[in-house]
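Please read the following note beside the sequence and the model.

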Amino acid sequence: MKKIFMYILCLITVCFILPAIFTNASKQTAAIQKEETNNNATSENIVETSEEKTEDIKIKLLHTNTGEVEEINLETYLYNVVSAEMPATFEKEALKAQAMVARTYTMYKVNHKKHDNSDICDSSSCCQAWISKEDRLARWEEGKREENWNKIVQAVDETRGKIITYDNQPINAFFHSNSGGKTEVPINVWGGSGYPYLQIVETSGEEAYTQYASEMTFTHDELINKIKTKYQDIQIDFSNDEQIKILEYTESGRVKTVKLGNHNLSGVETRTLLGLKSANFEISKQEDKITFYVKGYGHGVGMSQTGADSLAKQGKKAEEIINHFYANVEIQDIHA
Ligand SMILES: [Zn+2]
């Protein structure tokens with residue numbers, strides 16, 4: 001009886017349990033193999049991505065003085081942009097913020113082309129400043145050349161591929177030199193409907209920079225002649241205090257409208273006609289002269305470069321600087 005029982009047990013083992021064990025084992029092997037395949041696929045993807053990264057995105061740069069269009073590696077291009085746009089003496093984190101801003105601005109321009117046969121030009125008044133390495137080095141004192149260039153290269157390399165996005169799209173990353181303490185919304189500079197990520201922000205420490213305060217003095221004739229370039233019939237009675245007067249300010253404290261004799265001009269227009277550093281000004285009338293006291297440098301929209309440096313000096317990282325100047329944005333990898 002015992003023998004029969006043992007025989008049946010062996011039979012059950014051979015017929016059911018062993019095949020089950022082997023099937024499970026083979027399933028596990030298959031699973032491991034599949035995982036390995038997946039891992040291989042993943043590492044292949046990583047290799048592909050890093051190949052893409054080293055290969056990099058190419059952009060077409062228009063050299064405005066020659067009209068030549070150069071196809072250039074994005075990251076290499078950024079060395080020449082960052083070194084043209086921001087002093088190398090600025091804090092590393094500010095330079096890194098500038099590198100991300102410049103990369104983002106470039107990608108925005110690639111998507112919103114201004115020029116026919118190129119993505120972007122080398123003019124700061126049109127697109128974004130660019131300087132050749134040779135010219136850049138020549139403008140630095142000899143003992144500082146290598147150190148400065150390496151600092152710029154590191155700032156670009158350490159933010160490699162990083163761009164600022166809103167709704168997963170590169171933002172129109174405006175920047176300027178000094179906000180005078182408060183940035184401006186684009187609608188007050190160029191009109192239009194603005195961008196949700198470009199709001200008014202306050203930055204402390206901007207007053208410590210030479211770009212913060214400036215003044216320009218004009219004789220009555222000089223002032224008239226400058227305004228005449230646009231308003232030929234300009235007439236100002238300088239003896240009447242009501243003839244030169246700021247009528248309205250923007251939310252950020254810049255001049256919105258100013259009365260100059262028989263015309264009302266916008267602050268931005270006045271800035272352009274008189275060559276003031278910003279539209280944030282006060283007017284002082286002397287007997288035979290008019291002085292404009294100006295705060296800040298540039299249009300005031302987006303990141304302030306001296307503000308970025310000031311924040312970096314206060315211990316802020318590049319990402320924090322970006323999030324200070326651009327509202328509700330993300331920093332993403334261009335290759336992702
Ligand atoms: Zn351009």
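1. A crossing of two helices is called left-handed if the near helix is turned anticlockwise from the far one by less than a right angle, and right-handed if it is turned clockwise. In this sense α3 passes α5 in a right-handed crossing, and the crossing of α2 and α3 is right-handed. Helices (DSSP runs of H or I, at least four residues) and strands (runs of E, at least two) are numbered from the N terminus.

2. The model is a predicted one, in which local features need pLDDT of at least 70 and side-chain atom pairs count only at pLDDT 80 or more, while totals for chains, interfaces and linings use all residues. Residues are numbered from 1 along each chain as its sequence is written.

3. Helix α2 spans residues 74-85 and helix α3 residues 92-111; their axes come within 9 Å and cross at roughly 120 degrees. Axes are lines fitted to C-alpha atoms, for helices over the stretch in contact, and angles run from 0 to 180 degrees between N-to-C directions. The two helices α2 and α3 are therefore oblique to each other (under 35 degrees counts as roughly parallel, over 145 as roughly antiparallel, 65 to 115 as roughly perpendicular and the rest as oblique).

4. On the α2 side, the contact with α3 is made by L74, L78, V81, V82 and E85; on the α3 side, by L95, Q98, A99, A102, R103 and T106. Two residues are in contact if their C-beta atoms, placed from the backbone, lie within 7 Å. The residues of this contact between α2 and α3 comprise 7 nonpolar, 2 polar and 2 charged (Ala, Val, Leu, Ile, Met, Phe, Trp, Tyr, Cys and Pro count as nonpolar, Asp, Glu, Lys and Arg as charged, and the others, Gly among them, as polar).

5. Helix α3 also packs with helix α5 (residues 145-157), at an angle of about 55 degrees and with the axes 8 Å apart. That angle makes α3 oblique to α5. Here K92, L95, K96 and A99 of α3 meet K151, I152, A155 and V156 of α5. The residues of this contact between α3 and α5 divide into 5 nonpolar, no polar and 3 charged.

6. An open sheet of 3 strands has the order β8-β9-β10, with antiparallel pairing; strands pair if DSSP finds at least two bridges between them. The edge strands, each pairing on one side only, are β8 (244-249) and β10 (263-266). Strand β9 (residues 255-260) pairs with β8 over 5 bridges.
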